[in-house]
Structures are given as structure tokens and as C-alpha cells.
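Please look through the sequence and the model shown here before reading on.

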Amino acid sequence: MTNRVQANKEFITEALRDDALFTSLVLDKEYSAKLFNEEILELDPNAMYSTTDCSDKIFNIANSTLRYYVRMLEGYLEIYVEGRKKRLPFLTVFKIYMTLLAIERGETISDIQVKLSLKSIPQQNGGKAKGSKYNEDTLDQLFSEFDRRQNVMMRTFTLQNTINLLEVELLRRRTGIADKQRQIEVIEEKIKNHRLNRKMDRQAANVLRKSLEQKKNTGFFSFFSKKNTEDTLNLESDILVDERDIKADHIEVEFIEEINTIRKKINQMEEESLALEKRLKSETALLTNEREVLEQTMED
């Protein structure tokens, strides 16, 4: 994903977070995957596009069809007029793309108008106005119903975003705990190697000491003496060092303190993880309830 695609995606998500059409497409499992089309997101967000650019180069639809959608969604689409030409900013181009997705999934332009709280524009037929398919009372009822559905959809969308953030934070904590545990393993290996080196140094010093003692006692008759024989038998025990007799030095103490500090951090992260798991469970239950309400609303 290029920087422009990511930047445009973030811009659209922020700009259209309260947009009813955007929210309905985000919550649609099939069309949410189509919503952030990389070809659309690669467009220059600072450029202005003509209706011909949109119909011929971007959407591949008849120019008359695109102009019809622009006219029917007046008040929703931001349009700049330069003489006799219309110029569309990037966000308007994306809104037209959302309109085409909604039509693809079976909605009519009238359905989209109602969803966006726009009244149907009467169409002319032979000089006579063809009335809207909705009267004022019906429109009020439809607007009220869509407002109710919109509120449910927005709560669902907000909960899903919260759950996604919680899952990311929980994964971060668990990864952090695993990293800290690996740090402890590395430090424990350092302690082990340090103690082994100290043990070897002591045994080397014992070998040197015993060697010097034997040189002092060396002689032809001393070789056959009882004392010399006993010294030879005890040579191994005098040289070898029991690791349990090696007390921790300042280096090992520093390693141990570092391990204790890391373990305290792990305990803190585990407590945070438990709190996140509880909140995630609660938010997931709320989302399940909201989705059931939304399904019932759609059925109604």
C-alpha cells in the first residue's frame, strides 16, 4: 500500500465517519471489502475532476448517467462550477463511487436519497412535473426510521472500532510479556556463564597452589612417604570447587536486580492484559447485542 493510498484512506475515514452511506457500506461484509478501492485511492486528493474524467476514465459509465447522479444528489456532493463546467473534488468523486456501490448492491437512487436525508427531486415529463413517490408524511416516517437505523449502525461501527483497538493493545501486551521473558532467559544465561567462569578461575588457582605445594615437598624419599600418598588421593577434592560455595558478587547481584525489575514489569503488563481481556469481553457482548438489534431493524 502506497503512502498516498494510506493517506487518502485515513482522510476518507475521518471525513465520512458520520456519513450514512459510508457507514452502511462499512458494515456490509461484502461491500466493505470493495469500499477502499486502491485505484480510487490512488487519485490525487488535491486535484479537481471533470464529469468527463469521472465517467470515462474513473468509473467507465455514460456521462449522462453520472450527471444524473450528480443532479439527484445535489446537497450531498460538493461541486464547483467554472463557467459552464463542473469540477469535482476528490471527496465528491469518492462519494459517487459509494453511490455506484450502493446501486450495485440493489439500492435505487431514491433509497440513497432517503438514507442521506435528501428529498427526491421531481423529474420533468413533457413539461409536467412528475411528483415524488413519497408524500411529506411518508418521508417524515422514512427519515425517522433511517435515523433510528443510522444510530444503531453508528453504535455498531463505534463498538467494532473499540474492539479492534482493544485487540491491538492486548496483542501488544502479550508480545511485550514474551519479550520480557526472553530478556530474563538471556540474563539468567549470563549469570550461569559468569558463575562458571568464576568457578573455573578458582579451580585454576587451586591447581596452581597445589602445584607449588608439590614442588616444595618433592624429593626421592618423600615420594614414598605416607603423607605424599594421602595428598595425591585428596588432590582432586582440593582442586574442584562446589558451585554452591560461590557467593554472588556485585555483577551477579546487578543481574538479579535487573531480573526482578523485569518481573515487576511483567506482573504489571499481565494485570493490564487481564483488564483488557475483561473489557474486550464486555465490548464484544455489547456488539453482539447491537448487531441483533440492527438485524431486527433491517427486518422491520
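In this predicted model, Tyr49 has Leu88 of strand 3 as its bridge partner, and this pair belongs to the contact between strand 1 and strand 3, which pair in the antiparallel sense over three bridges. Strand 3 also pairs with strand 2 (residues 80-82), again in the antiparallel sense and over three bridges.

Taken together, three strands form an open, antiparallel sheet in the order 1-3-2. Strand 1 and strand 2 stand at its edges and have a single partner strand each, so that one side of each is left without a neighbour in the sheet. On average, and with direction ignored, neighbouring strands of this sheet are turned by 40° against each other. Helix 7 packs on the sheet, where it touches strand 1 and strand 3, and its direction makes about 85° with that of strand 3.

Helix 5 lies across strand 1 and strand 3 as well, running at about 75° to strand 1. Which residues of helix 5 are buried? Within this helix, which spans residues 51-58, they are Thr51, Cys54, Ser55 and Ile58. Seen down the axis of helix 5, these buried residues fall within an arc of 125°, and therefore they line one face of the helix. Just after helix 5, Asn60 takes a positive phi of about 55°.

The secondary structure of the protein comes to 12 helices and five strands, and of its 300 residues 34% count as buried. Among the contacts in the protein with a separation of 6 or more, 78% are accounted for by residues 24 or more positions apart. The accessible surface of the protein comes to about 19,800 Å², and carbon and sulfur atoms make up 51% of that surface.

Conventions: Residues numbered from 1 in each chain as written. Predicted model: local features only at pLDDT ≥ 70, side-chain atom pairs only at ≥ 80, totals over all residues. Heavy atoms only, no water. Buried < 20%, exposed > 50% of the residue type's maximum accessible area, 1.4 Å probe, protein only. Helix = DSSP H or I, 4+ residues; strand = E, 2+ residues; numbered from the N terminus. Arc of directions from axis to C-beta. Contact = heavy atoms within 4.5 Å. Areas by Shrake-Rupley, 256 points an atom, 1.4 Å probe, with all protein chains shown as cover. Pairing = 2+ DSSP bridges. Axes fitted to C-alpha atoms, helices over the stretch in contact; angles between N-to-C directions.
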